[in-house]
Amino acid sequence: MSQKSLVGVFSGLRSPAAKARPCGRGIGFCVVVLLRWRYRDGSGPGWRGIVRLMSERDDIYSGNPGEVGDFRFDERVVKVFPDMISRSVPGYGLMVPLIGLLARRFVQPGSNVYDLGCSLGAATLAMRRAIAYDDVQIVAVDVSQAMVKRCCEIVAEDNSRVPVSVSLGDVRDADIDNASVIVLNFTLQFLAPAERQALISRLYQGLNAGGALILSEKLHFEDAAEQQLQTDWHHDFKRSQGYSDLEIARKRTALENVMVTDSQAEHRQRLAKAGFEQVYCWFRCFSFASLIAIK
Ligand SMILES: C[S@@+](CC[C@H](N)C(=O)[O-])C[C@H]1O[C@@H](n2cnc3c(N)ncnc32)[C@H](O)[C@@H]1O
């Protein structure tokens, strides 16, 4: 592929219903087709800089304590998402650039890199800036139209040269092919537990030998005392970030039916069943952990 060719065309969703609707409907362009251009490592503000300009403060659960509906990744959440995730997930601000470093080590020339459940593209941009090959493509997918729309805008603001395609789609339908790095950064926990093994097994099949799956999740703990401590520590963290007890309680209720966590042992069993023999926990902050599974 030539340096200046249009790249990043994504057509990798299997089911006709979920056939790639890159960047969502009515956004004006069908695929984020980004020119490989400008600076090798990408200058410009970077994801943090970009989102600082675009994120509002998360006060979604600070209003009237009426009935709390299920959490959704909608327009309202998109507006505050960078603020929300960095004040809710301890260690998130460190994890994201470190995912870039891991990607740099595991990426293979001529391969695809996937960011599944990309939200606003934090991991995508971290990897884009870290990857040193010219012939690699990053494929970012999310099922939320509002997320994909904003992600397209953020990716377009970044000057790095690795091509990125951002697509609206369900990870359960995504074709994974010739992959050297796959990132599921706090996405698997939003799939029904019964559907998780099939996805992880398919990701294993799509990975090249020597490739890596980076799987970040909130964990739960079999030991009740540890679970209580971990919950307390997480809430302490959220309080330290300015969330009130009411906001913490309401968000917890909103997530109850939407986000179902596994223990680290359950993740390891699933990864082993898929075929991964090398699985390491490379990051952990309270109940938030990231595993790397190498094929
Ligand atoms: C906690 S956010 C992920 C954060 C993001 N990976 C990051 O590093 O900033 C979870 C994301 O997964 C997406 N998601 C949930 N279920 C999905 C599915 N079945 N297919 C694709 N995306 C999904 C949501 O729309 C949301 O944007």
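Me: Which cysteine sulfur is closest to that of Cys118, and how far away is it?

Reply: The model is predicted; local features need pLDDT of at least 70, side-chain atom pairs count only at pLDDT 80 or more, and totals for chains, interfaces and linings use all residues. Residues are numbered from 1 along each chain as its sequence is written, and side-chain values use heavy atoms, with hydrogens and water left out. A disulfide is taken as a pair of cysteine sulfur atoms within 2.5 Å. The closest sulfur is too far from that of Cys118 for a bond: it belongs to Cys151, at 4.2 Å.

Me: How many disulfides does the rule give?

Reply: A disulfide is a covalent bond between the sulfur atoms of two cysteines. Under the distance rule, the count is zero.

Me: Is Cys118 buried or exposed?

Reply: Buried means under 20% relative accessible area, exposed over 50%, and partly exposed in between (1.4 Å probe, protein chains only). Cys281, at 32%, is partly exposed. Cys118 has a relative accessible area of 5% and is therefore buried.

Me: What is the bridge partner of Leu116 in S4?

Reply: Strands S3 (residues 112-116) and S4 (residues 137-142) run parallel and are joined by five bridges. In S4, the partner of Leu116 is Val141.

How values were computed: Two strands pair if DSSP finds at least two bridges between them. Helices (H or I, at least four residues) and strands (E, at least two) are DSSP runs, numbered from the N terminus.
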